[in-house]
There are 2 protein chains.
Amino acid sequence: MNARHSGFRSGDRPALAVSDDLRRGNIASVARTLLVEGPLARAELAERLSLTRATVTRVVAQLLEVGLLTEGEARRVTAGRPMIPLRLDPSARAVISIHLGAFEVRVGLVDISGHVLREERFSYDGSRPEDVSALLAHGVEQVRSHAVPGVRVLGMSASIGGWVDPTSSTVVRYDPLGWQDVPLREVLPDLGIPRRFDQLVRGVALAERMFGVARGREDFVVLWSGNILGAASVARGVVQHGLRGGAGGIEHLPTGLPDDSCACGRTGCLGVVATDEAIRREAEARGILRPGGSLSTLLGIVADGDPAARQLLEERAEAFGSATGVLADFRAPELIVVAGLVTTAPEYLAAFTARLHAVSALGAVVDVRRSEFGDLAPTIASAAFLIDEYFRDPISFE
Amino acid sequence: MNARHSGFRSGDRPALAVSDDLRRGNIASVARTLLVEGPLARAELAERLSLTRATVTRVVAQLLEVGLLTEGEARRVTAGRPMIPLRLDPSARAVISIHLGAFEVRVGLVDISGHVLREERFSYDGSRPEDVSALLAHGVEQVRSHAVPGVRVLGMSASIGGWVDPTSSTVVRYDPLGWQDVPLREVLPDLGIPRRFDQLVRGVALAERMFGVARGREDFVVLWSGNILGAASVARGVVQHGLRGGAGGIEHLPTGLPDDSCACGRTGCLGVVATDEAIRREAEARGILRPGGSLSTLLGIVADGDPAARQLLEERAEAFGSATGVLADFRAPELIVVAGLVTTAPEYLAAFTARLHAVSALGAVVDVRRSEFGDLAPTIASAAFLIDEYFRDPISFE
DNA sequence: TCTATTAGTTGATGCGTGTAACTATATGAG
DNA sequence: CTCATATAGTTACACGCATCAACTAATAGA
């Protein structure tokens with residue numbers, strides 16, 4: 001509705017000229033295209049972005065000046081003047097990434113191309129938010145002090161798996177730690193650099209779009225299965241937050257499994273059958289895992305060919321696919337990216353995909369891919385909020 | 001990603017200058033604001049849209065010239081020059097609306113403020129698409145010939161309730177008529193004026209945003225319960241279509257009711273317990289309605305205080321709320337608009353809302369409202385596609 | 001009647017595009 | 001070796017838009 005800004009800064013004077021928006025948009029387009037599509041010449045950039053070569057020349061000049069781009073060796077591929085490939089140089093800018101997990105905290109340094117430069121993990125008991133603060137300060141100090149010299153730290157970007165309201169930077173709810181309405185400003189260290197905080201799965205979505213299997217995609221859904229379950233939806237290139245950051249809840253999708261009853265009063269909710277812990281505990285109950293055995297061990301047993309283990313995993317994968325199939329019908333995304341430890345098992349992915357395709361009206365048209373971030377997913381995802389923002393205005397960021 | 005257009009017109013030359021986009025955007029903003037927020041003076045428009053008064057003056061001048069706006073009587077409300085209220089004049093532009101229902105076709109004339117100028121209804125047997133064509137031609141001719149003189153007909157805008165792919169103007173599937181992959185170009189009359197075709201519920205969403213209870217809202221979901229069930233999601237002011245227009249499917253959301261089995265192999269799917277026909281038939285089975293009784297009759301019986309009828313209606317409302325509650329968790333909309341005949345019963349709305357709020361993690365924060373289009377909903381909704389498009393570029397539309 | 005106040009208009013300015021003519025640097029034919 | 005051709009990239013200029021600031025218009029109240 002608003003002509004220039006999206007409804008923010010309602011009262012105050014417009015701070016910037018309209019043409020500035022245009023310039024920024026084109027700069028962002030060029031930077032993002034080079035991030036996602038790799039080295040390109042000016043002429044090709046102009047082609048893809050429907051800009052004139054003149055505009056690209058000027059935009060590129062600015063990006064070269066700030067050192068975000070580098071010119072490669074001219075390549076003569078056909079008649080005519082050789083093209084000069086432009087490459088995004090990620091080496092000089094990075095983000096401190098913080099992830100608050102159920103059992104450990106991860107602090108890392110991630111460059112703007114999504115490459116993890118450093119990562120530290122700290123086991124912790126996060127049940128008391130006030131205790132976490134000191135641990136984070138220490139972790140950040142470690143990562144910062146060992147930071148590669150010459151790397152400019154853009155800021156801190158953090159995530160947690162539960163329900164996060166990014167507008168107030170509050171953890172509304174995170175069950176694995178028992179958190180409710182925890183204001184993150186008091187937990188995250190304040191180093192006077194930009195800080196961002198949002199929900200893990202939304203970070204995965206941004207990261208997959210910038211660096212991962214959803215590179216350059218504008219319309220997809222991410223499903224995360226781990227200590228928590230969650231979804232994130234990207235529409236027209238923008239990740240959806242929903243009211244109070246509440247979008248992405250999938251824990252009470254009905255699976256039809258007659259399992260343990262959920263705290264909500266119903267039975268068979270996805271959240272009580274498909275989390276890492278639910279699967280692990282069921283493996284114990286069925287005698288597949290010895291008491292205290294881990295999910296990784298279970299996946300190993302599956303890989304070794306144990307039929308009972310495989311059956312359990314496929315059963316849960318099918319429950320996941322069956323439950324989220326209704327979301328595919330509602331949302332009809334072009335692509336669904338699944339992420340989380342269990343999804344790394346080929347049996348899980350196959351069973352999930354088959355079931356989802358069978359259940360959804362769209363059928364096999366929906367592309368299903370597995371995230372390739374592996375164990376680094378939380379660190380990359382946490383960094384993605386600030387990196388995404390950086391690429392929306394690379395020149396005058398901060 | 002694209003700098004100016006949203007990825008369309010990839011190959012061809014840019015047809016318009018960038019500044020044109022800006023101008024169009026501002027014109028559209030002004031027109032839409034006046035449509036939604038009623039008469040406003042230039043100064044107030046400038047305030048709300050963060051534009052300068054100079055820009056508003058020039059934009060308004062263009063809209064006055066084409067006759068889309070009229071100036072009201074100057075009102076002196078305080079010291080200073082009196083403000084001149086600007087009113088959108090809907091009287092001169094209208095859209096031919098066509099809706100293909102399960103049992104009847106509706107053809108109407110709807111002006112750009114959503115007012116239904118004419119409406120004709122034709123009972124039909126739509127099982128053979130080729131038969132519908134002649135009926136539509138006749139209906140359109142009727143509406144057109146009686147059109148108010150001086151009204152400019154912008155084009156034809158049509159909808160059907162099933163699964164529609166608007167990019168190919170194809171009815172992928174519409175169960176009540178048994179249609180599959182019906183190309184609409186061959187069914188809709190071709191009068192040489194613009195034609196649009198999309199899914200009913202998406203039209204309801206656009207209409208509610210422009211003229212209805214979601215006026216000016218940018219983030220909401222519409223749930224339709226009638227001969228078909230469907231949802232539509234508006235995010236950042238744009239209605240979502242999804243892959244192949246497949247978004248909005250809610251017929252296979254599990255309700256937990258042990259009802260008739262669905263064609264999909266499961267039982268208790270929303271589509272077999274909550275449609276008009278499902279409720280009507282169940283009312284018959286329970287002896288509430290005599291054979292052949294209509295849903296309207298059932299609603300009358302409920303209104304008269306019959307407990308069994310009321311129980312049935314509330315049971316189905318709760319199923320609807322319970323099933324769609326998972327969508328509220330996934331999508332977290334600010335507002336849910338419910339529409340369709342059954343939702344007009346206060347008992348239905350109350351039971352639905354209570355259950356949705358109970359089931360969703362967001363709780364009662366989600367605003368639930370009932371559509372106020374009543375019986376005219378399909379006609380207004382069908383017209384909304386073209387009207388929405390008109391307001392995106394009111395000056396140079398066609 | 002004069003001042004304060006608010007609405008609306010107008011001409012100059014600025015900004016970032018697009019346009020088109022330019023330079024730069026290659027291939028390949030003769 | 002030279003010249004036509006082709007493509008990449010640059011630059012001077014013009015255009016269209018919104019902004020800015022100064023203006024006019026029209027009222028209330030002292």
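Modeller: What follows is a set of questions and answers on a predicted model.

Biologist: How do you know that the two copies are related as by a two-fold rotation axis?

Modeller: Two copies of a chain are related by a rotation about an axis and a shift along it. Here a rotation of 180° with 0.0 Å of shift along its axis superposes chain A on chain B, with an RMSD of 0.0 Å. The two copies are thus related as by a two-fold rotation axis.

Biologist: What makes you say that the copies meet through the same surface?

Modeller: Of the interface residues of chain A, 96% are also interface residues in chain B, and therefore the copies meet through the same surface. A contact is counted where C-beta atoms, placed from the backbone, lie within 7 Å, and the contact takes 46 residues from chain A and 45 residues from chain B. On the side of chain A that touches chain B, helix 1 (18–37), strand 12 (229–235) and helix 9 (307–331) of chain A each supply at least two residues, and the largest share, 7 residues, comes from helix 1 of chain A. By class, that side of chain A has 23 nonpolar, 15 polar and 8 charged residues.

Biologist: Which residues are the closest to DNA strand D, and what makes a residue count as near a strand?

Modeller: A residue is near a strand if its C-beta atom, placed from the backbone, lies within 6 Å of it. By that criterion 32 residues surround DNA strand D, and the closest are A54(A), T57(A), G80(A), R81(A) and R81(B). Two or more residues each come from helix 2 (42–49) and helix 3 (53–65) of chain A, and from helix 1 (18–37) and helix 3 (53–65) of chain B. Helix 1 of chain B gives the largest share of the surface near DNA strand D, 5 residues.

Biologist: How many residues surround DNA strand C, and which helix gives the most to the surface near it?

Modeller: DNA strand C is surrounded by 33 residues, of which the closest are R81(A), A54(B), T57(B), G80(B) and R81(B). Helix 1 of chain A gives the most to that surface, with 5 residues. The residues near DNA strand C divide into 16 nonpolar, 9 polar and 8 charged, while the surface near DNA strand D has 16 nonpolar, 8 polar and 8 charged residues.

Biologist: Why do strand 5 and strand 10 of chain B stand at the edges?

Modeller: In chain B, 5 strands form an open sheet in the order 5-4-3-6-10, with mixed pairing. Strand 5 (116–123) and strand 10 (195–199) of chain B each have a single partner strand, so one side of each is left without a neighbour in the sheet. Within this sheet, strand 3 (residues 93–100) and strand 6 (residues 152–160) of chain B run parallel and are joined by 8 bridges, and S97(B) stands opposite S157(B) in strand 6 of chain B. Helix 5 (residues 200–210) of chain B packs on the sheet, touching strand 3, strand 6 and strand 10 of chain B.

Biologist: What makes strand 8 and strand 9 of chain A a pair?

Modeller: Two strands pair if DSSP finds at least two bridges between them. Strand 8 (residues 170–174) and strand 9 of chain A have 4 bridges in the antiparallel sense, and R173(A) stands opposite Q180(A) in strand 9 of chain A. Both belong to an open sheet of 3 strands in chain A, in the order 7-8-9, whose pairing is antiparallel.

Definitions and conventions: Residues are numbered from 1 along each chain as its sequence is written. Chains are lettered from A and ligands numbered from 1 in the order in which they are written. This is a predicted model: local features need pLDDT of at least 70, side-chain atom pairs count only at pLDDT 80 or more; totals for chains, interfaces and linings use all residues. Two residues are in contact if their C-beta atoms, placed from the backbone, lie within 7 Å. Axes are lines fitted to C-alpha atoms, for helices over the stretch in contact, and angles run from 0 to 180 degrees between N-to-C directions. Copies are superposed by least squares on the C-alpha atoms of residues with pLDDT of at least 70 in both. Ala, Val, Leu, Ile, Met, Phe, Trp, Tyr, Cys and Pro count as nonpolar, Asp, Glu, Lys and Arg as charged, and the others, Gly among them, as polar.
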